[in-house]
Amino acid sequence: MSIPVEKIAEMALALSSDARALLADRLVESLDPLTDDDVRASWVSEAERRLQELRSGSVAPIPGAEALARVRSLTK
């Protein structure tokens, strides 16, 4: 049985924002999977560096809603 793309999109948009983010990540990864271990290791290193910056207080966290508002204001 094949489900039309429009129906899948409608169902996906009804999901919570967290579920939509996970779905989007899975879809993008299916198009261009990260198979290169060096790339994956670089992202892990970057994530660890950023976490350390937060923990040390050298950077301040920004609430998600505020970060999204800032990004959205840049596209207007």
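## The turn after helix α3

Just after α3, Gly57 adopts a positive phi of about 85°. Helix α3 itself covers residues 37–56. With its 20 residues, α3 reaches 28 Å from its first C-alpha to its last, close to the 28 Å expected at 1.5 Å a residue.

## Overall architecture

The protein contains four helices and zero strands. Read from the N terminus, its elements follow the order α-α-α-α. Helix α1 takes in residues 5–13, while helix α2 takes in residues 17–31.

The radius of gyration is 17 Å, whereas a compact globule of 76 residues would have a value near 11 Å. Along the principal axes, the C-alpha atoms fill a box of roughly 50 × 35 × 20 Å. Buried residues account for 1% of the 76 residues. The accessible surface amounts to about 7,000 Å², and 61% of it belongs to carbon and sulfur atoms.

## Confidence of the prediction

For the protein, the mean pLDDT is 89, and 93% of the residues reach 70 or more. Among the elements, the highest mean pLDDT is that of α1 (94), and the lowest is that of α2 (88).

Side chains of opposite charge can pair when their charged atoms come close. In this model, Glu46, Arg49, Arg50 and Glu53 are linked in a network of salt bridges. One of the pairs is Arg50 with Glu46, for which the closest N and O atoms are 2.7 Å apart. Another is Glu53 with Arg49, whose side chains meet at 2.6 Å, N to O.

Both pairs can be related to the geometry of the helix. An α-helix has 3.6 residues a turn, so residues three or four places apart point the same way. Arg50 and Glu46 both lie in α3, four residues apart, which is about one turn of the helix. Glu53 and Arg49 are separated by about one helical turn because they are four residues apart in α3.

Glu46 counts as partly exposed because its relative accessibility is 22%, and a residue is buried only under 20%. Glu53 is partly exposed as well, with a relative accessible area of 25%. Arg49 has 39% relative accessibility and therefore counts as partly exposed. Arg50, at 48%, is also partly exposed, since the exposed class begins over 50%.

Glu10 and Lys7 are three residues apart in α1, about one turn of the helix. Lys7 has a relative accessibility of 37% and so counts as partly exposed.

## A nonpolar patch on the surface

Leu15, Leu23 and Leu27 form a nonpolar patch on the surface. Together, these three leucines have about 240 Å² of accessible area. Leu27 is located in helix α2. Its relative accessibility is 49%, so Leu27 counts as partly exposed. That value also meets the requirement for patch members, because patches are made of residues with over 30% relative accessible area.

Methods. Residues are numbered from 1 along each chain as its sequence is written. This is a predicted model: local features need pLDDT of at least 70, side-chain atom pairs count only at pLDDT 80 or more; totals for chains, interfaces and linings use all residues. Side-chain values use heavy atoms; hydrogens and water are left out. Patches are made of residues with over 30% relative accessible area and no salt bridge: like charges are joined within 9 Å, nonpolar side chains (Val, Leu, Ile, Met, Phe, Trp, Tyr) within 5 Å. Accessible areas come from the Shrake-Rupley method with a 1.4 Å probe; for residues, only the protein chains shown count as cover. A salt bridge is a side-chain nitrogen of Lys or Arg within 4 Å of a carboxyl oxygen of Asp or Glu. Helices (H or I, at least four residues) and strands (E, at least two) are DSSP runs, numbered from the N terminus. Buried means under 20% relative accessible area, exposed over 50%, partly exposed in between (1.4 Å probe, protein chains only). pLDDT is the predictor's confidence in each residue, from 0 to 100. The expected span of a helix is 1.5 Å times one less than its number of residues. The radius of gyration is taken over C-alpha atoms; the globule rule is 2.2 Å times the number of residues to the power 0.38.
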